[in-house]
Amino acid sequence: MTMATTTIRIDVATLPDHLDRSRPSVVAEVVEAALREAGINADCSDLFSHLKIDLPTAQLAAASAVLVDLQLI
């Protein structure tokens, strides 16, 4: 059986002030680490103008809570 995945995209320009918009790869690492610490198997990368977060759809609600804590959504 194939696991359903979800992709979340966050515009780099909308990142909160406490994150360094000029270093999106570092922000992606911080986000990925926070998600993994919460037990979420996510892959986060920077793609020029936005962050891309791929994760199992079953973990979307938990990931959303982490992203709220990071003030990303």
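Select Ile10, which lies in strand β1, residues 5-11. Strands here are DSSP runs of E with at least two residues, helices are runs of H or I with at least four, and both are numbered from the N terminus. The model is predicted: local features need pLDDT of at least 70, side-chain atom pairs count only at pLDDT 80 or more, and totals for chains, interfaces and linings use all residues. Residues are numbered from 1 along each chain as its sequence is written, and side-chain values use heavy atoms, without hydrogens and water.

Is Ile10 buried or exposed? Ile10 is buried, with a relative accessible area of 5%; buried means under 20%, exposed over 50% and partly exposed in between, with a 1.4 Å probe and protein chains only.

Next, display the residues in contact with Ile10, leaving aside neighbours within four places in sequence: Leu15, Ser49, His50, Leu51, Ile53 and Leu72. Contact means heavy atoms within 4.5 Å. Then select Pro24, 14 residues from Ile10 in sequence; the two C-alpha atoms are 11 Å apart.

Now show the whole protein as a cartoon. Of the 73 residues, 34% count as buried. Among contacts with a separation of 6 or more, 54% are between residues 24 or more positions apart.

Finally, turn to the C-alpha trace, which spans about 40 × 25 × 15 Å along its principal axes.
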